[in-house]
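Q: I would like to learn how to read strands, cores and chain contacts from a model. Where do we start?

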Amino acid sequence: MSKTDFGPSIKSRPVYGVLTPRPGSSHLIVADGEGGAAVEALFAQAPEMKAKAHLIYIPGANGTDMSTAMAALGAGQYNRAPTYASVRSRIVKVLGDGHMGLQVYATGTESLMGQVQRDAMEAGLPHDAVQTEHRGSLARRVQCVHCKGITENVTTDPFVCSHCGLNLFVRDHYSRRLAAFQGVNIDAEDPGEVPPAEERFK
Amino acid sequence: MSLDDFFHDETFFGDYTFKNSPRAIKRFPFPFPEDDYMYSVNMEPHVPGRPGSVFEHTFDVDEHYVAEMRDRARVLRDDPLRCQSLPHMTLAGWDLLELIMESFARDYPQWFSLTKNGNQWHWINRPLNIDQKFTFLDESTLPYGPMEYITRQAQGDFTLQDQRNDNLWIEAGMVTTQADWSLDFDIGMSFHEWHAPVPKAHEMGVFDRALKFLLQLQHGAPVRRFNWTMTVDPLLDTSPENYPKWGPGKTTLTKENIGQRQHLRVELQTLFRLPRSNAIAFPIRCYLCSFEDLVTQPKWARRLHRVVRDLPDELATYKGFIRNRPLMVDYLSQFDDGAPTSPGWWPDE
């Protein structure tokens, strides 16, 4: 499993890198789906960080589940969570309790990395304090600009808002504060004329 | 002239009774100095201009003032998220309040007055029937935060940009007369991030140059530029939030109604460095003029026809009028005899 190649990045989308061990008093590592492989690579480079690592792993919405391998990595604290929403309060607590020298790593889908960055910023860390590495699915987290509801794991364009049911196209516009792309009604001017959904973010 | 004679009782929604007087048409800020259009930074010093023009004063208060403030209150009742300010932007809000109150009281003493005794301020806004005593820099003495308080009394949208790390961050705003962008989505973004959806201009380096210029903006030396788009019916609130409500209107233009219903929408954008917060205030003032009123000025009629006809498809799409461009060109071509136009955008006398 290799690092994902994106097309040319839009101006508001973050640029992702490769996780690199940094010296730190403790390490918060959050991964989903194929991001587990980036965690393995990180620990292989610096086995000494394992004991001070708090690893949170969320199986991918696409079915990828590396939790057996993650549990066996030997992190000082390990937690498997079903969704980001379910584990968010734990992550916020760890960020809030973090002392100087806390290192934060996020890897997997854009949605996962975006939410870790958002929560780290809310905890007072600068957004570039979180190391990121994209792995696996290109699924997007999209906010409906009309009802403000967020639809997770969007792989097609257009798609149906999971909150208000409008047909939305995914605008190339990304908010770090919301950790989401913008979804805009595609058939407002011609109700019912919705182009077939294409799988753009597999 | 009494207040009621100058300020129109009109709507920007529903029955759309908005109408420009002959005087308002003559002073409309027509945004095209030439017969074609492409993006540019096009900033110039915001200095007092011709008497009677929209540049005469720091802020233009015109015949639509009272009705626009009513429309803002309506939009905010429906969607309070149109006005937001991140916690560290309150001081910039006070800076903006001071700038607007001082400018209004200086330039329109018949309508506004500001009296100061130290931090004890007394503000009177006669057109809106407001008489407010408050303590400057003490939020608890106003019914809203300082930015919301004053921008409920000033035409145009306003955003406040914090400056740090050699960038500008849009971190507060009052946005109810916007050309299809969402403050709620964009708040917190850097300069290039919030401009991400604009086609072509990034590649042209427009935003790099504009940011470099703005980071150097000095207090007391504001600048201005125009932007423009097209709007069907005189609807100030063309928000993405409400697009499913106003988008369908675009499909109901006909040869018969386009003159009355199609409006050129012009933004007079000004930028001010604020003294205490070092933030930048960005008022975005929207002017609307129907095609049938615009073509009463022969120079504008000829030029608007040429601009609309020759605009690259990408820009017509971004500005949201590609579907009606053929109708627009057809209508405007009646008023273009092919004669040359004079330089600059002022109407011919």
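A: With the side chains of one strand. In a regular strand, side chains alternate between the two faces of the sheet. In this predicted model, Arg140(A), Val142(A) and Cys144(A) point one way from β6(A), while Arg141(A) and Gln143(A) point the other way, and all are buried.

Q: Which strands pair with β6(A), and in what sense?
A: β6(A) pairs with strand β7 (residues 150-154) of chain A in the antiparallel sense, over 3 bridges. With β11(A), the pairing of β6(A) is parallel, again over 3 bridges.

Q: What is found between the strands in the hairpin of β6(A) and β7(A)?
A: There are 5 residues between them, and Lys148(A) takes a positive phi near 75° in this hairpin.

Q: How do I read a nonpolar core, and which residues touch the most other members?
A: In soluble globular proteins, nonpolar side chains tend to be buried together. Here the largest nonpolar core has 42 residues, and Leu96(B), Ile100(B), Ile150(B), Leu160(B), Ile280(B) and Ala281(B) touch the most other members. Helix α4 (residues 90-107) of chain B gives the largest share of this core, 8 residues. Another core, of 33 residues, lies apart from it and includes Leu42(A) and Leu73(A).

Q: How many residues are in contact between chain A and chain B?
A: 20 residues of chain A contact 19 residues of chain B. On the chain A side, β10(A) gives the largest share, 4 residues. By class, that side has 6 nonpolar, 7 polar and 7 charged residues.

Note on methods. Residues are numbered from 1 along each chain as its sequence is written. Chains are lettered from A and ligands numbered from 1 in the order in which they are written. This is a predicted model: local features need pLDDT of at least 70, side-chain atom pairs count only at pLDDT 80 or more; totals for chains, interfaces and linings use all residues. Two residues are in contact if their C-beta atoms, placed from the backbone, lie within 7 Å. Helices (H or I, at least four residues) and strands (E, at least two) are DSSP runs, numbered from the N terminus. Ala, Val, Leu, Ile, Met, Phe, Trp, Tyr, Cys and Pro count as nonpolar, Asp, Glu, Lys and Arg as charged, and the others, Gly among them, as polar. A nonpolar core is a set of buried Ala, Val, Leu, Ile, Met, Phe, Trp, Tyr and Cys residues joined through C-beta atoms within 7 Å. A residue is buried if 20 or more other C-beta atoms lie within 10 Å of its own, exposed if 12 or fewer, and partly exposed in between; C-beta atoms are placed from the backbone. Two strands pair if DSSP finds at least two bridges between them.
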